Amino acid sequence: VHKIAASTVDWNGLRDDFPILREQAHGYPLIYFDSAATSQKPRAVLEALRYFYEHENANVHRGLHTLSSRATEAYEKARQRVAEYIGAATADEIIFTRGTTESINLVAQAWGGKFIREGDVILLTEMEHHSNLVPWQLLADRTGARLRFVPVLDDGALDLEQIPVLLTPEVKLFAFTHISNSLGTINPVAALCAKARAVGAITLVDAAQSAGHLPMDVREVGCDFLAFSGHKMCGPTGIGVLYGRREILDSMPPWHGGGEMIVSVALEKSAFKKAPHRFEAGTPNIAGAIGLATAIDYIEGIGRAAIFEHDSQLARYAAGRLNEIPGTRVFGPAEERGALVGFVTGAAHPHDLTTFADQYGLALRGGHHCNQPLMRRFGVSGTTRASFYFYNTKEEIDRMIEILRDAVRFFS
Amino acid sequence: MIPEIEELYQEVILDHSRRPRNFGELPEAAVLVHGDNPACGDEIYLAVKFDRDGGLEDIKFTGHGCAISQASASLMTMKLKGKSRGEAMDMLRAFHDLVTNGTSEAPKTLGDLRVMKGVRNFPQRVKCAMLAWRAVEQAFEVGAGEATVSTEPA
């Protein structure tokens, strides 16, 4: 992977690749600061979906006709592209899912159902999105396993000093997010995986907020599982990825039964395919996978290192400007942060702020961001979040600050 | 200022959200309802004391939330004090109509509550406006003790 410096990219020119950025909201030019919820899609991805349905659409892996071959080839090529993108050893380690949530549920059910026993410990962190919390609660309820949590410090970092106390031999799984979706904290994933490995725990990294934002190689990270969504990285909704290390996937039973995942079926019993097909029952999201591969091509055309440099500069700039507004509390690390900033103002509740901003074409997110325990940890019921991607600009942040100053004046 | 914003956040609403009336504990309350809007994190604790005929002798609230939920609770407590159960439930229906139905004229009986009309342009905020009303409805329902009500039924 060659590295491109952020300074050499025509960031403004990239905006032309996103037709939706020309939209207006309430008569104002759209400022889209909700990419952590879902990113916008470049024309290349929209065209790939259209091309597939116009030229290649058929079901995969079974038809012997021309279109089925085209669809199968495109679908499996997409799997290969995802494998390269995250540095997986083989495409067989890539399972297509509906998204991060389904990926994590797959692990909780197929792996957890087989390997988690009463008395085992599942280690999580206080900053997990509900999608990396609730599946483990359900698993713990089913098996009698216990949950443990790495605390979050006031600056939004994980309390790493607690790791030796928490990461004991009873811990069978350590699941944690790469980048916090409400604090912007970037966790030291490789170090955490190494510590988990040392006690024999399996690791799962929630890469929903990082997969489209920074360079990542699963073999450098050293994780056993990695989960992410296509729609947060320029791809369509309804397609996501579970990476699993080959040996682990091969040790796991299926989770959904149906077509595509079997070798042979008798009335009483069936034999299952190997990974990844064992975990993809039914007709998959073929177009979605192709759209995701196209999104990956698009992102790689810019370069993830450049994207990270650009976005984290924006986020730091936004955090700095927000701190200029009296009565504002900005959450998360002061130094390095992912492409988002969460904040509260004394004058206005996040929902009032978000409603106000929307009337000026500014799309923010207000609420608990599927992080209720974390919100409680910081003593707030919710925050307002501005999240960025490479198509956002410093000028848009300046405009956000103007609008927020007006809002604070209005509600004070 | 944008007209929809001005209509939603009328001066009366901002005033009630900044300085909510009937805000506080009600030691001799017959019912305490915890109203919860989990999607937003808005919370209200509504305390009700009934008169001999089952009407609302006194009504107070505490809690936290957005300007709409706080102002709505404040305005509601002012309006409902002294009202019978029947009057209060008629008013609930009229108020719900006010904040959801774009075509209806606001009935005069609603009085000050009519300032909440702007909510009808913001469907996502209807739950905020209705939270206190759902709590008072629940208070009548249970009659005594503690209860909870949520805008997202489990």
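Visitor: How much area is buried between chain A and chain B?

Guide: The size of an interface is often given as the accessible area lost when the parts come together. In this predicted model, the area buried between chain A and chain B is about 1,400 Å². Here, buried area is the accessible area (1.4 Å probe) that two parts lose on being put together, summed over both. Carbon and sulfur atoms give 62% of it.

Visitor: How many residues of each chain are in contact?

Guide: Contact means heavy atoms within 4.5 Å. By that rule, 14 residues of chain A touch 20 residues of chain B.

Visitor: Which side chains meet in a salt bridge?

Guide: The rule asks for a side-chain nitrogen of Lys or Arg within 4 Å of a carboxyl oxygen of Asp or Glu. Across this interface it finds 1 salt bridge. B:Arg125 pairs with A:Asp352 (2.9 Å, N to O).

Visitor: Which residues lie nearest the centre of the largest pocket?

Guide: Rolling a probe the size of a water molecule over the atoms shows where empty space is left. The lining of the largest pocket has 25 residues. Nearest its centre lie A:Thr354, A:Thr355, A:Asp358, B:Gln124 and B:Arg125.

Visitor: How far can I trust chain B, by its mean pLDDT?

Guide: pLDDT is the predictor's confidence in each residue, from 0 to 100. Chain B has a mean of 92, and 99% of its residues reach 70 or more. The model scores ipTM 0.89 and pTM 0.94. Residues are numbered from 1 along each chain as its sequence is written, and chains are lettered from A in the order in which they are written. Side-chain values use heavy atoms, without hydrogens and water, and side-chain atom pairs count only at pLDDT 80 or more.

Methods
On a 1 Å grid over the protein atoms alone, a cavity is a set of points where a 1.4 Å probe fits but cannot get out, and a pocket is an open set with protein on both sides within 12 Å along at least five of seven lines; lining residues have an atom within 4 Å of a point.
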